[in-house]
Amino acid sequence: MTLKLEIIHLFNIIPAPSEVYNDLNETPRWRMPLFFLLLLSPAIGLLNIPAAIEPLRKIYQENFDTQTADIALQTSTHYLTIIHLTFKPISSIFRWVVLSAVLLLITTKFSTKKQIKFNRIFSCVSYTEIIFYLMEIITILVIYIRGIDQIKNSSDMIVFKGINYFIDKNAIPDSIYTALNQINLFSLWYIATLARGIQIAGNIKYAKSIFLVSIAWCIWILLDLGKSFLIENILNLTF
């Protein structure tokens, strides 16, 4: 597979996923998705920081004097910058590895192939990430079109609501509420698309592939829930 085709497949995964997955099944590749991750994730994160800081700005200004509020904002901005430049890209790569490993394990049980290679599944997972890039780009555009000053709390930054939208926020812990937002229209699109790749890689029926990818995604949400608890504890210690 040529470098040009690898780049084309990043965008072709949306209109023609089967074509992309068939090529990846023959020649597994993941360097271009990794390049885009390292490029776009920090860029999107930096654009997201002013919006994330806005609710904190209002809280600090209402409760502290000007100097203290400025110091608190600088500290929060520094913390969020580190998170978006380092932690988020690493977290995404970790998710690719975890999903690929889980899918390899459970797909092997149902596949008619004698052996499924990890790099084929990892390639499918990494290329399907473009769906979440699209979601994040649209979210940033909507936030800036609405105006950052319109953000009152963190929920105002969520454009595409998950199933948590139908749950009383006060009824469950914040970390669980946030984790449930990962079950939204884009994640369902991601599951349906990735399932096509797993179908091709494992030579299994599409319905069964959707089931397996859904299980893998739920496992990731549970792991991400643990990460959210950890971040909450760090924030409590810091602030």
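I begin with a definition: rings of Phe, Tyr and Trp, the last taken by its six-membered ring, count as a pair if their centres lie within 6.5 Å. With that in mind, Trp30, Trp96, Phe118 and Phe122 form one aromatic cluster. Please note that this is a predicted model.

Let us stay with the aromatic residues. Across the whole structure, a search finds 12 aromatic pairs. A pair of aromatic rings is described by the distance of the centres and the angle of the planes. Why is the pair of Phe160 and Phe186 called edge-to-face? The ring centres are 4.6 Å apart and the planes stand at 65°, and planes over 60 degrees apart count as edge-to-face. Phe160 lies in the loop between α6 and α7, while Phe186 lies in helix α8, so this pair ties together parts that are 26 residues apart in sequence.

Phe186 also pairs with Trp189; here the centres are 5.7 Å apart and the planes are at 50°, so the pair is tilted. Phe186 and Trp189 are three residues apart in helix α8, which means that about one helical turn separates them. As for accessibility, Phe186 is buried, with a relative accessible area of 9%. Phe160 is partly exposed at 21%, and Trp189 is partly exposed at 30%.

Which residues touch the most other members of the largest nonpolar core? In this core of 41 residues, they are Leu103, Val125, Tyr190, Leu194 and Trp217. Among the elements that give two or more residues to this core are α2, α3, α4 and α9. A second, separate core has 14 residues, including Ala69, Leu73, Ile148 and Ile151. Returning to Tyr190, and not counting residues up to four places away in sequence, its contacts include Arg95, Leu99, Val125, Phe132 and Trp217.

Finally, we consider helix α9. Leaving aside neighbours within four places in sequence, Ser209 is in contact with Ala195, Ile198, Gln199 and Ile204.

Phe211 is also placed in helix α9. Together with Phe94, Ile215, Ile219 and Leu223, Phe211 forms a nonpolar patch on the surface, with about 440 Å² of accessible area in total. Helix α9, residues 206–238, gives the most to this patch, with four residues.

Notes
Residues are numbered from 1 along each chain as its sequence is written. This is a predicted model: local features need pLDDT of at least 70, side-chain atom pairs count only at pLDDT 80 or more; totals for chains, interfaces and linings use all residues. Side-chain values use heavy atoms; hydrogens and water are left out. Patches are made of residues with over 30% relative accessible area and no salt bridge: like charges are joined within 9 Å, nonpolar side chains (Val, Leu, Ile, Met, Phe, Trp, Tyr) within 5 Å. Accessible areas come from the Shrake-Rupley method with a 1.4 Å probe; for residues, only the protein chains shown count as cover. A salt bridge is a side-chain nitrogen of Lys or Arg within 4 Å of a carboxyl oxygen of Asp or Glu. A nonpolar core is a set of buried Ala, Val, Leu, Ile, Met, Phe, Trp, Tyr and Cys residues joined through side-chain atoms within 4.5 Å. Buried means under 20% relative accessible area, exposed over 50%, partly exposed in between (1.4 Å probe, protein chains only). Contact means heavy atoms within 4.5 Å. Rings of Phe, Tyr and Trp (its six-membered ring) pair if their centres lie within 6.5 Å; planes under 30 degrees apart count as stacked, over 60 as edge-to-face and the rest as tilted.
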